[in-house]
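Please read the points with the sequence and the model in view.

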Amino acid sequence: MDDRLPALIDVARAITGATTFDAVEAAVCESVVSLLRTDRGRLISWADLGSHGFGSFLDRAVAEERPVVAEPGDEQDHLRRLGFCAGLAAPIPVHGGPTWCLLVTQGQPDKAFGEEELQLVGFITALGGAALEHLAKSEARFRSLAQNSSDVITLVDTDGLVTYQSAAAARVFDNSESVVGRAVRDWAHPDDLPAFEQALADAQNRQHVRIECRLMHAKGTYIHVETTISNLLDEPTVAALVLNTRDVSERRRLEDELRERALHDALTGLPNRTLFHDRARHALERGLRERVPICVAFMDLDDFKAVNDTFGHAVGDELLCAIADRLASCMRPTDTVTRLGGDEFAFLLEDTELETAVAIVERILAAVSQPVALAGTEMVIRASVGLTCTEGLYTDADQLLAHADAAMYAAKAKGTHGFELFAPEMQAATEARLALRREIDRALRSDEFRLHYQPIIDTCTQQTVGMEALIRWEHPKRGLLTPGQFIDVAENSGQIVEMGQWVLLTACADAARLPPQTYISVNLSARQLQDPRLVEHVTDALERSGIGADRLILEITETAAMADTEGTISKLHELKAVGVKLALDDFGTGYSPLSYLRRFPVDLIKIDRSFVFEIERSSADLAIVRGVIDMAHALGLRAVAEGVETEAQYAVLTELGCDLGQGYLWMRPAPLDEVVAVV
């Protein structure tokens, strides 16, 4: 975005330079269309929100006091009925309260509003609010000035000496002494003097010259002024250069403030992406000239979304501010720490060797992991950091940041709270991951996902009592893909929520084709557990299919359940209220305290296949499986063994009293019609 800095400054000038509400509104809407490359922007009065006809997300933007996009569902459906494909709303506060709301609409189906557009709209609405508030506060004062005073009029001869100055000088410059006969250049700031003298010289050859500079106040300070110089040397009654001077200190102060806002994150006060790119560009240019090393680190907080989902965005914002303060304290005076957006931060370390950069990153990780007291509890936050260093090898700041980002993903893949140094193969992995995200989006639109089913067997009767739904991807070029080839990317990107909703709808519809005593089992991801609309999605799938809630079993992994224990328990009770059954999947791999098992309202425990694999040969695995089965029965739960492949495993499980089993011994996962034909 660094190439947009001139455009951002132009936007600031246009909005803050507007002198009426209509002019501010026009400038805001033109800025939205220009910067976001969207179809239309309009201002809606807070008082008219109830009759605007554009859906509830405008009310949501005002309630949450931040820019929001129309969410999938009713809001987007309503927009489409009005002829739009996407919508974005942002409140414009004046005098501390919401007075106006900016509505931005997009009619092109291939364009959407993301993090960058939210930042830009936040910048524009901050400008608009500041401009409207400035107009409201200053209207009476400016009217009085216009009626009772005028600009300072100064007449200067060809030698630059003052021949006349109006009485307004006493107000503007606090100067009550006569300045006639003195050189006008004596009032110019030394740094502005060359430009001021050039303007006087140019005015002798042209009719009008305008210049902004600093002129001396009577107190010895300097004020910013705007001076228009008119050449009336040939006018007999004047015979001078006429300098019409007005004080623009307040305007310059506002412009400087808005420029600061354009370059800093509104929440944390840290430099933003625009300023990071600008400083990185200058650092790279210097690095090429002087061959000095430059390092860039990219940091992402681990599981930050869980904080927002559990405690709310206000607490999430407090956490980000606390983390930002800690990061700033880790930096040297020459370093730059930036909030890129969300929970992502970047660090520019100039003239820094790799060894020093590693020490700084370790200091950052140590600072981040210190407990934070928020929302009546103590949180411990972890982070993943990617690091890349260069000595004249990079010429593009985006490439430098992308490599640090790739290294961060490599660190996250190895486990939370660590860092990795960039290696070329990481970039290939990042590109492959981004390509896979795009393909998943296409697959969701093109209906390329399929469900295969694996029977769940009663170990006593060997009758099929249920089927587990397992997603597959019928890729047009790579053939049939298993979950291990795409689920992790979908989970990290959030696409798993839409994917999971499709699985619920499809599996319930398929269950309607099965005998009424056969249940269907569907896996829930950690992201789905955090989705506030999960219960709604489950209810919708049941209603559409017409099956009873008791025929649907939802499986959650032990690891996902422990990611947010209290939030998970609350969500599981909501699901139980609907009437569905719950299973704790991969039990034994999440290292959860057994005390939590009593609090999870589950009906089944699924024993992980890793314990079943050598159950007939390993006394340790045998003891673990026996213990899980006995514990399940003691709690009134049923035990399901996964990964049963041999008759020997089946015999041991039967002897131990395991209730249910599934695995290749009976059948591999297959399309529903094939499974029904066999069982």
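**Notes on the predicted model**

1. Strands E5 (residues 152–156) and E6 (residues 162–165) run antiparallel and are joined by three bridges. Strands (E, at least two residues) and helices (H or I, at least four) are DSSP runs numbered from the N terminus, and two strands pair if DSSP finds at least two bridges between them. Thr-154 stands opposite Gln-165 in E6. Five residues lie between the strands of this hairpin, where Gly-160 takes a positive phi near 85°.

2. The model is predicted: local features need pLDDT of at least 70, side-chain atom pairs count only at pLDDT 80 or more, and totals for chains, interfaces and linings use all residues. Residues are numbered from 1 along each chain as its sequence is written, and side-chain values use heavy atoms, leaving out hydrogens and water.

3. Beyond its neighbours within four places in sequence, Leu-554 is in contact (heavy atoms within 4.5 Å) with residues including Leu-504, Val-522, Leu-575 and Lys-581.

4. Gln-517 lies in the loop between H16 and strand E20 (519–524). Gln-517 is exposed, its relative accessible area being 60%; exposed means over 50%, buried under 20% and partly exposed in between (1.4 Å probe, protein chains only).
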